[in-house]
Amino acid sequence: MRFTRVLAGACLPLAGLAGSALAQNPGLGRPVEWQIGLQEAATPVAENIHWFHNWLLMPIITAITLFVLGLLVAVMVKFNAKANPVPSKTTHNTFIEIAWTVVPILILVIIAIPSFRLLYFQRDIPKADMTIKAIGNPSWNWTYEYPDLGLNDDGSAKVSFTAYLKPKDQLQPGEPWLLATDVPMVVPVNKIVKMIITADPEGIIHAWTIPSFGMKIDAIPGRLNEDWFQATKEGTYYGQCSELCGKDHAFMPIEVHVVSEADFNAWAEKIKTAGADEARTYLFALLKAKGQLAQQ
Ligand SMILES: [Cu+2]
């Protein structure tokens with residue numbers, strides 16, 4: 001099962017090169033069974049996080065663990081009561097004490113430099129192509145506002161909709177339960193999207209998360225948090241509220257569709273006139289016609 005999935009994952013890009021329109025790589029935007037690594041990166045921030053985890057932290061952790069294991073084995077073999085009946089009375093060794101203080105400091109400095117670089121990359125929000133506001137509601141769902149698509153006289157966004165968990169009996173083939181929503185957030189590919197994240201002032205703290213985007217940020221009542229992403233691969237991306245918020249914490253998923261600019265504009269025109277449900281149906285029909293929809 002796992003092998004076929006790996007094989008499918010390996011073959012999909014090749015098939016894409018051959019020009020056939022296929023659904024996205026199964027590991028992109030959603031978890032897969034028996035997964036042990038991170039979800040495939042779809043933004044520059046996520047790619048940097050993966051590099052930091054896979055090629056810096058993991059080798060260092062592995063080396064330290066093997067070193068400590070080697071020391072423990074050496075102690076057990078060389079210094080047990082049989083092998084070493086008369087133990088040394090040594091209590092201090094200046095060289096070793098300096099070494100075990102300085103070496104961990106150096107390791108932390110080696111980790112800190114790229115870590116801070118990555119933090120600044122995440123936190124310095126580049127000039128955004130569009131802004132979306134996500135509001136975590138106390139009734140366990142997310143409201144999305146698109147201020148760039150027009151404002152009402154009172155300053156509120158004309159395009160504003162609330163995404164609810166899609167009930168199990170309404171799921172289409174390929175749609176994951178507890179991750180799919182009735183209406184998705186939609187963004188254009190390769191555009192820098194600034195997210196303003198907050199929670200209902202009467203409500204509780206939630207967190208807006210898409211693992212493939214490398215994004216996880218708290219939604220706090222009465223406070224605006226901001227973050228950004230630049231999704232470089234078209235597809236469907238799922239996330240969940242990641243702050244333990246109450247009884248329906250597990251039932252307020254996040255679904256984002258990254259589509260071509262033309263498809264986004266078509267969706268935006270539709271949602272302005274016909275509402276979120278109609279716009280979703282319209283967009284999914286567009287994507288399905290091109291073979292770009294993993295579900296339905
Ligand atoms: Cu929540």
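Let me start with Thr 198, which lies in strand S5, residues 193–199, where strands (E, at least two residues) and helices (H or I, at least four) are DSSP runs numbered from the N terminus. With a relative accessible area of 8%, Thr 198 is buried, and by that word I mean under 20% relative accessible area, with exposed meaning over 50% and partly exposed in between, for a 1.4 Å probe and protein chains only. The side chain of Thr 198 reaches the backbone oxygen of Arg 223 at 2.7 Å; a polar contact here is a pair of N or O atoms within 3.5 Å, and within protein one must be able to donate a hydrogen and the other to accept it, while residues adjacent in sequence count only if both atoms are side-chain atoms. Leaving aside neighbours within four places in sequence, Thr 198 is in contact with residues including Lys 133, Ala 134, Ala 219 and Leu 224, contact meaning heavy atoms within 4.5 Å.

A word on the model. It is a predicted one, in which local features need pLDDT of at least 70 and side-chain atom pairs count only at pLDDT 80 or more, whereas totals for chains, interfaces and linings use all residues. Residues are numbered from 1 along each chain as its sequence is written, and side-chain values use heavy atoms, with hydrogens and water left out.

Beyond four places in sequence, Tyr 144 touches Val 159, Phe 161, Met 185, Trp 208 and Ile 254, among others.

Next, helix H3, residues 94–123. H3 has 30 residues and reaches 43 Å from its first C-alpha to its last, close to the 44 Å expected at 1.5 Å a residue, the expected span being 1.5 Å times one less than the number of residues. At its N-terminal end Asn 93 caps H3, with a side-chain oxygen 3.1 Å from the backbone nitrogen of Phe 95. Which residues of H3 are buried? They are Ile 111, Pro 114, Leu 118 and Gln 122, and they pack against helix H2 (44–78) and strand S8 (225–229).

H2 and H3 pack at an angle of about 170 degrees, with their axes 10 Å apart, where axes are lines fitted to C-alpha atoms, for helices over the stretch in contact, and angles run from 0 to 180 degrees between N-to-C directions. The two helices are therefore roughly antiparallel to each other, given that angles over 145 degrees count as such, under 35 as roughly parallel, 65 to 115 as roughly perpendicular and the rest as oblique.

Finally, the loops. Asp 129, between H3 and S1, counts as partly exposed at 47% relative accessibility; Asp 129 and Ile 113 are 16 residues apart in sequence and 30 Å apart in space, C-alpha to C-alpha. Trp 140, in the loop between strands S1 (130–137) and S2 (141–151), has phi near 65 degrees, a positive value in a residue other than glycine.
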